[in-house]
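Thanks for asking me to look this one over.

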Amino acid sequence: MNRLMVFGIICENKTKVSLLYATHTISINGFTSHVNIEAEYINESQHKTEAKFVFPVEEDSAVYKFEAKIGDVHLVAKSKDKDVAKKEYKQAVDKGQSAILLRETSTSGDIFEYSLGNIPANEKIRLQICLVSELSCEVDGAVKFHMPFVLNPRYGLKPADENYQNAPKPKEFSFNASVNWNSQIKDIKSEHPVNVEYQDNKCHATVRMAKEFNFEKDLLLQVYYEDVEKPQVILEKGDENSKGMFSKDIMMINVFPELPQVKQTAANDYIFVIDRSGSMSGEKIEAAKDTLLLFLKSLPLGCSFNVISFNNDFEFLFKEGSREYSEDSLNEALKFQKNLFASGGTEILSALKSLSVKKPFQNFHRQAFLITDGEVYNTNDVIQLVKSQVNNTRYFTIGIGSGASTELVKGIARAGKGQAEFVMTNDNLKAKVMRLLKLSMQPFVSSVCLSAKHGENNKELSFISVPERLPCIFSEEKLILYLVLHEAETSCKNVKLNLCGKIGETDFSLDFEASLLGQNNKEDNTPSLCEKKIQELELNEDLGKGDEIKSEIIDLGTMANLVSKYTSFVGLDEHVRLDFQMASLVAPTRSAMCGYVSSSRIKAFGVKKHVPEFMKRRCMPMMCLASPQAYNQNSVVAERVDDIDDELEDDSDDGDSFGADSVDSSCMPPPFKVRRVTDEESFMSSGSTNKDILTCLVGLQAFSGFWNLDDQLAQALSISLKDLNKENPSISDKVWATALVVAVLREKLASQHCEWELMEKKAIEWLESQNIQPMNSEKLLEKATNFIKNKMVA
């Protein structure tokens, strides 16, 4: 029986359980964050009850701690085989004992559910959850901390029952963050008003909320570091009392490899896949359409392209397959782009399947770009499909808005050996798509090897890297690796690294040197390392060794005390059956983590596997404070038959024992907003017909890269056509118009350089192909720039 996934609190017989308070304590150190979440609930009924909580998660994190205090009973959860955990939880609840269970839902690795069994009447429940995350780097160099609060309904098969419930909001909420960097912190930004205080010559900062938090959108912090691209190596000493991997010294390496410049091939087949489902309606689809316009105008000459749009069905721009990029094919694409509108469901699987039966144009390298708000239930099926296409298609993905499935968006990019981006409220969608387009033009990097030497005596360091097969590398993009050292390092103060391989057909060798930084003892990054290893194993399950890999994941998950695809947290009333010490409120030491399993299950960390790239799943966000968006009749969330609702209920249940209210539209997140050009960024006025100047200029650029000197251009620039013609230095109108636009891009829209860079490149190539008399292109651009500057001053 398919059952509905309900958001927020689900209680027996509509028992009222309220959230009294929630606190988030966050520690950001460079490119990692440690989060400690505490919350208190109360069972306001007159009888024992069982409560379940469903909420979204950010993917690239590891949950390593789950504890609860129900009355006088302290429950410390341990990671176990998910089937064992489920059985133990049910047995405890059936005996009337308090118990807790935390697991991934069966259809989505970015949706978690925890259950609290036998909560006494009028009793309070205190929960604590700890997680560690690796942080992403934005287009502008910001290191981004993201915690999801919004859970959108996932499109799928419509179940018989349609019960949705609003998630609770705490009566009290506090948020505190500390930020540490080995150089200065330049700035910290957030959409939510925050107070930032700097200490230690701006190497440390504290962040607190400046006003009440709005739970209807995700929490974001953007941290700007000085020398963010400087190599960083953190040494974490092993625990001599532990065994296996946990006894080893570990190096965490953060680098931004600058690969050599090689000639970019034009032999790429670009596929733009755009979600036009009902959840994309409004400003989301308009932003996506503007982005598609910029994408089409920025493609290089000599490539091929196609566009697929999808909702309940999918539609190709060119049904017979990709076409060569030409003026005629571009004009057809622009008509297609103007007519896009949002409605219906999100059948992404069938849209991507259609690429399996179409060969890339003339055996070009296929580069697929997917824009979606990621609201689907069959995430794993989609990711498996992408893995099957990896030999001829590389995927780049963009998730739009709060609530986009991080598992879907990052999972497709990881399986497709590309990159993923997320665009939140007021983010610049066009800038992020252009960043991915430029990355797609980079030739494939292969045969990558890493070596490390002692900085003082050049002794080779022996290690196992995690991941063992290095992930896809893109020039000047952040790369995080872990080295598990075979021998303890007692005197090493500096480390020398060499990264070598091939980019296209060109060999490269990059050298890095960095001082070793000590790790905060309270913040163990070992869970991140183990999580990354589990990700490797999960990506190899379809290689014919499913049972063996499953066993390894269970062993590693229980050893490191992590939630995974095959392991769950279960906490029982230990004073009834077990003598278990109460855990401290800091991150567990390695010896404590090892203590969760018998020594016979602790293996050396030397598994030799052939694994793809990128990082995978799991983190814990704000305790079940998910705000469900309103949905249409096509948007539902369906759980499989092995959903825990079915697994844990008695056979006599009729499926309606957990009541829920309907969706309150007041809980809808704010609409996605298209980025507007600020007054400081634009000198145009109403002549832009309410579109930003860059969008106007993109629309007016001809296929070959030039602009026409006409009323439309004059209106976009808010300069009369008469004045534009008056300053023409006796050259063709097209040449003068193109020089003027290049000057505007450079002088007035410099902050949006990443958006127009490829478009300007095409314009400069066109200018240089013209026989410009009586001046060369450099002098012409100088004259155009002076003219634009004078107009700006005027």
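The points that follow go from the whole chain to one helix and then to the strands.

1. A word on the source before anything else: this is a predicted model. The chain has 794 residues, and 62% of them count as buried. Its secondary structure comes to 18 helices and 35 strands.

2. Two totals may be handy for your own checks. The accessible surface of the chain is about 30900 Å², with 46% of that belonging to carbon and sulfur atoms. If you take contacts between residues at least 6 apart in sequence, 79% of them join residues at least 24 apart.

3. Which residues of helix 1 are buried? They are Ala85, Glu88, Tyr89, Ala92 and Val93. These cover an arc of only 130 degrees around the axis, which puts them on the same side of helix 1.

4. At its start, a side-chain oxygen of Asp81 comes to within 2.8 Å of the backbone nitrogen of Asp83. After the helix comes Gly96, which has a positive phi, near 85 degrees.

5. Why can strand 5 (residues 49–56) be called largely enclosed by the rest of the structure? Because eight of its eight residues are buried. Thr49, Ala51, Phe53 and Phe55 point one way, while Glu50, Lys52, Val54 and Pro56 point the other way, and all are buried. In a regular strand, side chains alternate between the two faces of the sheet.

6. The partner to view alongside strand 5 is strand 10 (residues 111–119): the two pair in the antiparallel sense over seven bridges. Within this pairing, Pro56 stands opposite Ile111 in strand 10.

7. Finally, there is an open sheet of four strands in the order 12-13-18-15, with antiparallel pairing. Strand 12 (136–137) and strand 15 (185–189) are its edge strands, each pairing on one side only. Strand 13 (residues 143–147) and strand 18 (residues 219–225) run antiparallel and are joined by five bridges. Met147 stands opposite Leu219 in strand 18.

Key:
Residues numbered from 1 in each chain as written. Predicted model: local features only at pLDDT ≥ 70, side-chain atom pairs only at ≥ 80, totals over all residues. Heavy atoms only, no water. Buried < 20%, exposed > 50% of the residue type's maximum accessible area, 1.4 Å probe, protein only. Arc of directions from axis to C-beta. Polar contact = N/O pair within 3.5 Å; in protein donor to acceptor, adjacent residues only side chain to side chain. Contact = heavy atoms within 4.5 Å. Areas by Shrake-Rupley, 256 points an atom, 1.4 Å probe, with all protein chains shown as cover. Pairing = 2+ DSSP bridges.
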